[in-house]
Amino acid sequence: MLTRKQYDLLHFIHDRLSRDGVPPSFDEMKEALDLRSKSGIHRLITALEERGFIRRLAHRARAIEILRLPDSLESGSPSPGRAREMAGSGTGDAGAAVIPMPTAAASYELPVMGRIAAGTPIEAIQQVSRNIAVPAAMLASAGRHYALEVRGDSMINAGINNGDVVVIQERATADNGDIVVALIEGEEATLKTFRRRGGTIALEAANPSYETRLYQDHQVRVQGKLVGLIRTY
């Protein structure tokens, strides 16, 4: 399984090799994946090599050989970088940057960053406990994602049960009504519905047994928004 960024980079390299006969530069990779530094590309390249998708050829600059492709790439849809080129040249929908999604059969490995409280907040989540395969269709079209295991029943009326794994799109802002991972005073994390009331933030449970908790704006940092849920029976 590949993470979303690993898939996008492999897609971009494959597209450029097919079109130009040479792999893209690290600067081109960084721009195509909208990363801030080349170090992120180095980590992705290493991960792809370790998983047997590519091979770096020694003593040759920009020398990358693709060894195999995921099934979803065999379909030949354009890479993120090529899709933006198509949009800019008028090949795609008018004025829109077309960012292709993998086929429905594709999946990505996301890190499970420990447990999140759907109840009383627990200590802030910092460690990766394992990875989990997540269907590509469950992920938002942009941004990094991670997963959390739910502990508690405060969101049960929103369909989130104890033991479920929630898929989170990493982001620092939220709209009223979004279910978010909220970090409280830098120490506790909880999964609740977000509502802003002037300078106050309400974190609402979806269970009448739990009270809505009110905080000052500076006490709460949004860590991500719920975009999917995985349940094992």
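Analyst: Strand E7 (residues 165-169) and strand E12 (residues 220-230) run antiparallel and are joined by 5 bridges. Two strands count as paired if DSSP finds at least two bridges between them. The elements are DSSP runs numbered from the N terminus: helices are H or I with at least four residues, strands are E with at least two. This is a predicted model, in which local features need pLDDT of at least 70 and side-chain atom pairs count only at pLDDT 80 or more, while totals for chains, interfaces and linings use all residues. Residues are numbered from 1 along each chain as its sequence is written, and side-chain values use heavy atoms, with hydrogens and water left out.

From Gln169 to Arg144 the C-alpha distance is 6.0 Å, although 25 residues separate them in sequence.

Beyond E8, the loop between E8 and E9 holds Glu185. Its phi is near 50°, a positive value in a residue other than glycine. Most residues other than glycine have a negative phi. Strand E9 (residues 188-197) contains Thr193, which is buried because its relative accessible area is 11%. Leaving out residues up to four places away in sequence, Thr193 touches Met155, Gly177, Asp178, Ile179, Ala202, Leu203 and Glu204. Contact here means heavy atoms within 4.5 Å.

A nonpolar core is a set of buried Ala, Val, Leu, Ile, Met, Phe, Trp, Tyr and Cys residues joined through side-chain atoms within 4.5 Å. The largest one has 28 residues, of which Leu9, Met29 and Ile45 touch the most other members. E7 is one of the elements that give two or more residues to this core, along with H1, H2, H3, strand E3 (107-117) and strand E5 (130-135). H1 gives the most, with 5 residues. Apart from this core lies another, of 16 residues, among them Ile116, Val150, Ile160 and Leu183.

Ile45, set aside from its neighbours within four places in sequence, is in contact with Leu9, Ile13, Phe26, Met29, Ile54, Arg56 and Ile64. Ile45 is one of the buried residues of helix H3, with Gly40, Ile41, Leu44, Ala47 and Leu48 the others. An α-helix has 3.6 residues a turn, so residues three or four places apart point the same way. The face of H3 turned away from the buried side carries exposed Arg43 and Glu50. What does the buried side of H3 pack against? Its partners are helix H1 (4-20), helix H2 (26-32), strand E1 (54-56) and strand E2 (64-66).

The length of H3 (residues 38-50) fits its residue count: at 1.5 Å a residue, 13 residues should span 18 Å, and the end C-alpha atoms are 18 Å apart, which agrees. The expected span is 1.5 Å times one less than the number of residues. Gly40 in H3 counts as buried because its relative accessible area is 12%. Gly40 and Lys30 are 8.0 Å apart, C-alpha to C-alpha, and 10 residues apart in sequence.

Asp34 lies in the loop between H2 and H3, and its phi is near 60°, positive in a residue other than glycine. Asp34 counts as exposed because its relative accessibility is 67%. Just after H3, Gly52 has a positive phi of about 80°.

For the whole protein, there are 5 helices and 12 strands, and 42% of the 233 residues are buried. Of the contacts between residues at least 6 apart in sequence, 59% join residues at least 24 apart.

Methods
Buried < 20%, exposed > 50% of the residue type's maximum accessible area, 1.4 Å probe, protein only.
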